[in-house]
Amino acid sequence: MREISAERITETVRKLCIDANRHLPEDMKNCIEACRGREDWPQAGEILDRIIENYRLAGDGGRPICQDTGLACVFLKIGQEVHVSGDIAQAVDEGVRQGYDQGYLRKSVVRDPLDRVNTGDNTPAMLYYEIVPGDRLEITVAPKGFGSENMSRLGMLRPSDGLPGVKDFICRTVEEAGPNPCPPVVVGVGIGGTFDKAAYLAKKALLRPVDRRNSVPFYARLEEELLEEINALGIGPQGFGGRTTALAVNIEQYPTHIAGLPVAVNINCHVTRHQTEVL
């Protein structure tokens with residue numbers, strides 16, 4: 001049994017909160033720059049140039065990529081042979097508290113969805129646990145802005161809706177979102193499971209690099225088809241038209257009940273932030 005201290009988790013989460021808000025992952029940068037090279041609509045090209053300039057300035061100058069520094073979504077893959085000395089949830093929240101304070105990041109969490117009083121430190125984090133083999137602890141911090149989160153949808157489709165119904169629901173969700181989620185977007189899709197599992201899969205899909213397709217050939221082809229159909233909508237960067245409405249469609253699937261076809265769409269803007277460290 002390998003022991004990891006709560007203090008080490010706190011320090012790691014603190015660092016990841018700051019890094020994730022300042023540095024866009026390389027796969028995202030490469031994808032945006034490749035899309036810029038294919039964009040022939042002048043307004044769209046100019047906006048993509050500004051997006052590229054923005055993330056370069058943020059990384060070089062140690063500033064947040066976006067003013068919405070997000071709600072801290074923290075994914076933990078905990079090895080079965082790991083023992084944490086202390087309270088994991090408290091350790092994560094303390095890391096978020098320190099990271100958002102020391103990184104001068106906007107605090108956007110309210111203590112209750114109806115009384116709307118700000119907690120003042122961006123806690124609590126949204127915490128997701130996964131138990132895996134081994135003696136390592138993998139921590140991923142993915143700050144999620146709500147301009148895009150608010151445009152996300154979950155549908156409990158009928159099995160008879162089939163593949164056409166799934167594709168229609170996904171494309172319609174992006175089309176109805178329009179310019180609101182600050183396109184170009186990354187579209188995370190969860191298919192299967194239950195009401196809550198589909199939503200989790202959609203959010204988890206956003207962590208996959210945009211240059212890596214689903215390992216199942218059927219779903220890899222579906223990702224490419226959906227990306228083509230979404231870009232054909234012509235919404236374009238920031239809604240001004242063009243070829244680049246979405247940068248990628250990432251699908252995660254799971255078995256489900258014979259009577260169900262849950263589909264969740266979790267949209268993220270071009271600032272699809274996440275950083276990972278393994279302890």
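Reply: Arg-208, Arg-213, Glu-223 and Glu-252 are joined in a network of salt bridges, a salt bridge being a side-chain nitrogen of Lys or Arg within 4 Å of a carboxyl oxygen of Asp or Glu. The model is predicted, so local features need pLDDT of at least 70 and side-chain atom pairs count only at pLDDT 80 or more, while totals for chains, interfaces and linings use all residues. Residues are numbered from 1 along each chain as its sequence is written, and side-chain values use heavy atoms, with hydrogens and water left out.

Side chains of opposite charge can pair when their charged atoms come close. A search of the whole structure finds 23 salt bridges. One of them is formed by Glu-277 and Lys-15, whose closest N and O atoms are 3.9 Å apart. This pair links distant parts of the chain, since Glu-277 belongs to strand β10 (residues 275–278) and Lys-15 to helix α1 (residues 6–22), 262 residues apart; helices (H or I, at least four residues) and strands (E, at least two) are DSSP runs numbered from the N terminus. Glu-277 is partly exposed at a relative accessible area of 28%, and Lys-15 is partly exposed at 35%, where buried means under 20% relative accessible area, exposed over 50% and partly exposed in between (1.4 Å probe, protein chains only).

Another salt bridge is formed by Asp-68 and Arg-106, with the closest N and O atoms 3.5 Å apart. Asp-68 sits in the loop between α3 (42–61) and β2 (71–79), and Arg-106 in the loop between α4 (88–102) and β4 (126–132), so the pair ties together parts that are 38 residues apart in sequence. Here Asp-68 counts as buried at 12% relative accessibility, whereas Arg-106 counts as partly exposed at 37%. In the salt bridge of Arg-158 and Asp-161 (3.3 Å, N to O), Arg-158 counts as exposed at 55% relative accessibility and Asp-161 as partly exposed at 22%.

Helix α2 (residues 26–38) and α3 pack at an angle of about 155° with their axes 10 Å apart, axes being lines fitted to C-alpha atoms, for helices over the stretch in contact, and angles running from 0 to 180 degrees between N-to-C directions. That makes α2 roughly antiparallel to α3, given that angles under 35 degrees count as roughly parallel, over 145 as roughly antiparallel, 65 to 115 as roughly perpendicular and the rest as oblique. The contact (heavy atoms within 4.5 Å) includes Lys-29, Glu-33 and Arg-36 of α2 and Asp-49 and Arg-56 of α3. Its residues divide into 6 nonpolar, 1 polar and 5 charged, where Ala, Val, Leu, Ile, Met, Phe, Trp, Tyr, Cys and Pro count as nonpolar, Asp, Glu, Lys and Arg as charged, and the others, Gly among them, as polar.

The axes of helix α6 (residues 162–177) and helix α8 (residues 217–231) come within 10 Å and cross at roughly 40°, which makes α6 oblique to α8. Among the residues in this contact are Lys-167 of α6 and Glu-225 and Glu-229 of α8, and the residues divide into 8 nonpolar, no polar and 3 charged.
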